[in-house]
Amino acid sequence: MKKNFYSFWYLFIGVILFFVHDGYGQSRIFTYTDETTLQPLWDGLSILEDPSGKVSAKEILSYPDQKFTHTTGSVPNLGVSHSTFWIKFQLTNQTERDQLVIKLAQPTIEDVTFYSILSDNKMSVEETGILYPIRNRLIKNQHFLFNVEIPKGKTGTFLLSIKSTGQLEVPLWVGSTQAVSDVSSKEDIYISLYVGLLLAMFFYNGFLFLAIRGRSYLLYILNIFVVGLTQATFQGYTYRFLWSDLPWISTHAIVILSALAGIIGTVFGSHFLRASKFTPNLNKGFIIPIAVYILIIVLSAFDFQIESYLLLQFNAFAAASYILFVAYRIYHKKSRTAGFFLLAWSIFLIGVCIFVLKDFGVIPFNNFTNNIMLIGSAVEMILLSFALADRINKLKKEKERSQKKMMEVLLTNEKLIQEENLRLEAKVRERTQELEESTEELQATLTNLRNTQAQLFQSEKMASLGQLTAGIAHEINNPINFVSASVKPLRRDVGYLWMLLDKYESSLKSMENELEKMEIEAMKKRLDVDYLREEIELLLKGVEEGASRTASIVLGLRNFSRLDDEDRRYVNIHEGLDATLLLLSHSLKENIHVQKDYTDLPEIECYPGKLNQVFMNVLTNAVQAIKALNSVTKMGVLTIKTWKKDNMVCISIADNGVGMSESVMNKIFEPFFSTKGVGEGTGLGLSIAFGIIEAHKGTIEVKSTEGIGTEFIVCIPVTIAQELAIVA
């Protein structure tokens with residue numbers, strides 16, 4: 001019976017592959033014309049299957065065109081086979097670039113050999129695959145990338161020899177080096193977002209497990225870990241970063257990790273749905289897919305790769321369908337938790353079906369079908385987290401109902417059986433104590449989280465306050481020193497005047513004495529009374545100017561902090577910018593020029609103090625970026641522009657400082673991320689600024705080039721329709 005089953009399975013796959021690979025297409029010469037994009041190379045490929053694996057490249061080149069199968073329109077799906085497949089194609093370059101890149105976007109192929117026939121009929125060969133360390137590749141990427149030299153207007157001939165024990169698909173692309181790099185960067189961003197989501201779910205539910213000690217949370221975080229590792233393996237990232245030097249793991253990881261994910265997912269589903277309680281008979285059925293998964297791991301370990309891969313696809317579909325059926329039965333028993341699980345698992349099952357059908361060639365290979373497992377697993381993880389959170393509330397309500405019912409029973413039987421009543425009361429007290437302890441743990445966790453959040457915001461506020469204090473101390477110190485320095489000469493000059501006046505008064509009675517008159521006149525000349533008057537006037541003006549500057553700085557502090565504004569109000573955005581620049585003026589004097597390009601703007605509705613905090617963070621970073629150049633010859637320029645766009649007021653703050661790399665730009669709004677040294681920053685400034693702008697229903701965008709400078713663009717709506725939630 002087992003033999004008949006496998007015969008049917010291989011026959012089914014063969015029929016599908018027969019219809020997918022019809023062989024009626026024609027070979028063609030591909031032409032690459034647009035160097036800014038990747039161009040697919042799968043409509044017209046010449047493919048030859050070599051079951052023996054002994055045919056050489058020279059023999060392949062000598063075969064007539066009729067001996068090949070030619071693809072028609074979709075990504076070639078070669079199925080699961082022990083054969084070696086040869087792919088031949090010709091490529092004409094019609095761009096200005098002589099160097100192009102051939103990309104084989106299937107990172108799990110075990111053995112790949114790329115042949116390039118040059119213009120002088122010489123052949124270059126490059127061997128690669130997951131059996132070889134990634135350090136041997138000319139281009140270090142999880143996908144297979146091959147550099148080819150084709151002058152403009154010339155045509156090159158290329159061969160690919162590929163062999164794999166897994167599902168073999170051939171998504172070939174051609175593009176310029178820049179186009180391939182751009183696509184690779186986007187792929188890295190997508191997988192980073194996926195990994196970030198899984199890490200968030202992992203740590204969130206890990207904290208809940210430590211707080212509640214629920215077995216479901218432990219199984220769930222194990223499921224997240226294995227599923228994430230499995231998806232990273234499908235995308236080639238585990239080979240790229242973890243085990244490229246371990247060929248056995250590289251070739252067996254997909255099957256073994258997929259089977260482990262199936263085992264943990266099945267156990268988690270059974271426990272989470274409480275199938276042993278609601279459907280005890282159906283719960284026993286989970287043993288079958290788990291046993292098959294274990295068999296798959298054993299087969300893979302003993303190098304029955306094709307058999308284990310085919311069995312894995314079948315069992316994954318069957319196990320997911322069975323779990324879906326059990327969840328459906330439990331849901332109809334009024335289980336709210338099963339409803340969440342049913343929705344999450346349905347989405348995941350759809351992803352599994354699409355992925356398996358893509359492997360069998362029933363539906364075409366594209367970015368969506370190739371990444372559907374990533375999308376489905378991410379959505380599933382989010383929905384299951386909601387389900388676990390809902391389960392906490394449900395358990396709490398169940399405990400409350402149980403406690404209430406117990407109290408009613410106690411009151412009903414109080415007069416009948418006193419001894420039994422005492423025993424029940426003891427149980428109630430014990431249960432109440434457990435509930436109180438659980439509630440206290442949850443409350444303590446919530447309090448710790450709130451305290452941590454408050455400490456983070458307070459830390460950033462203290463950092464901003466330190467900057468304000470430094471600016472204020474510097475700016476107030478200058479006028480105060482000016483006043484202090486003016487007091488002493490003012491007292492001296494006034495003393496001289498008093499001496500002269502005293503002399504005049506003493507000589508009033510004897511004014512006719514010529515000698516005294518001459519003495520008084522000599523003293524007047526010596527003291528230069530006219531100059532004394534001018535100097536006193538200048539000193540008084542200095543005192544007045546110092547006092548005026550002090551008042552201006554205090555007013556600037558008031559405009560910046562807006563400590564008296566607890567509610568949002570309409571303000572002039574230019575006042576906030578000027579107040580912030582005033583507080584930073586001591587930093588701007590050091591070889592930094594400020595250029596303002598203000599336009600007429602309406603007053604906007606906002607929280608002024610919070611908005612000024614954003615300006616302070618961005619401007620401070622700009623000043624530090626300029627100073628980081630360590631250049632005395634290059635003038636630092638800080639440019640501030642404002643304009644109105646539709647119902648938005650936009651502010652651009654640009655500097656010609658050190659700039660940022662793309663990797664740094666992608667992280668600057670993350671909490672605790674900082675490029676400064678230890679003790680020089682909290683890493684929260686731009687994260688809080690992002691939150692403030694987002695709460696204002698606005699946007700903040702950053703553009704930067706290393707060595708050239710950085711520009712932040714903040715856009716705020718003039719009016720806001722709904723209430724804002726700004727954290728104080």
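Contact here means heavy atoms within 4.5 Å. With that in hand, let us walk through this predicted model, in which local features need pLDDT of at least 70 and side-chain atom pairs count only at pLDDT 80 or more, while totals for chains, interfaces and linings use all residues. Residues are numbered from 1 along each chain as its sequence is written, and side-chain values use heavy atoms, with hydrogens and water left out.

**The chain as a whole**

The chain holds 21 helices and 20 strands; helices (H or I, at least four residues) and strands (E, at least two) are DSSP runs, numbered from the N terminus. Of the 728 residues in the chain, 46% are buried. Buried stands for under 20% relative accessible area, exposed for over 50%, and partly exposed for what falls in between (1.4 Å probe, protein chains only). Among contacts in the chain with a separation of 6 or more, 75% join residues 24 or more positions apart. The accessible surface of the chain is about 39,000 Å², and 59% of that belongs to carbon and sulfur atoms. Accessible areas come from the Shrake-Rupley method with a 1.4 Å probe; for residues, only the protein chains shown count as cover.

Phe615 sits in helix H19 (residues 608-627) and is buried, with a relative accessible area of 2%. Leaving out residues up to four places away in sequence, Phe615 touches Ile573, Gly576, Leu577, Thr580 and Ile651. From Phe615 to Thr580 the C-alpha to C-alpha distance is 6.9 Å, although 35 residues separate them in sequence.

Thr642 belongs to strand S17 (residues 636-645). Is Thr642 buried or exposed? Thr642 is buried, with a relative accessible area of 2%. Its contacts, setting aside neighbours within four places in sequence, include His574, Leu577, Asp597 and Ile651.

**Salt bridges**

Side chains of opposite charge can pair when their charged atoms come close. A salt bridge is a side-chain nitrogen of Lys or Arg within 4 Å of a carboxyl oxygen of Asp or Glu. The whole structure has 6 salt bridges, including these:

| Pair | N to O distance |
|---|---|
| Arg97 and Glu35 | 3.3 Å |
| Lys152 and Glu96 | 2.6 Å |
| Asp245 and Arg135 | 2.5 Å |

The side chains of Arg97 and Glu35 meet in a salt bridge. Arg97 lies in the loop between strand S6 (84-93) and strand S7 (99-104) and Glu35 in the loop between strand S1 (29-32) and strand S2 (39-40), so the pair ties together parts 62 residues apart in sequence. Arg97 is partly exposed at 38% relative accessibility, and Glu35 is partly exposed at 25%.

Lys152 and Glu96 also form a salt bridge. This pair links distant parts of the chain, 56 residues apart, with Lys152 in the loop between strand S10 (144-149) and strand S11 (155-163) and Glu96 in the loop between S6 and S7. Lys152 is partly exposed at 44%, whereas Glu96 is exposed at 60%.

Phe207 lies in helix H3 (residues 177-212) and is exposed, with a relative accessible area of 56%.
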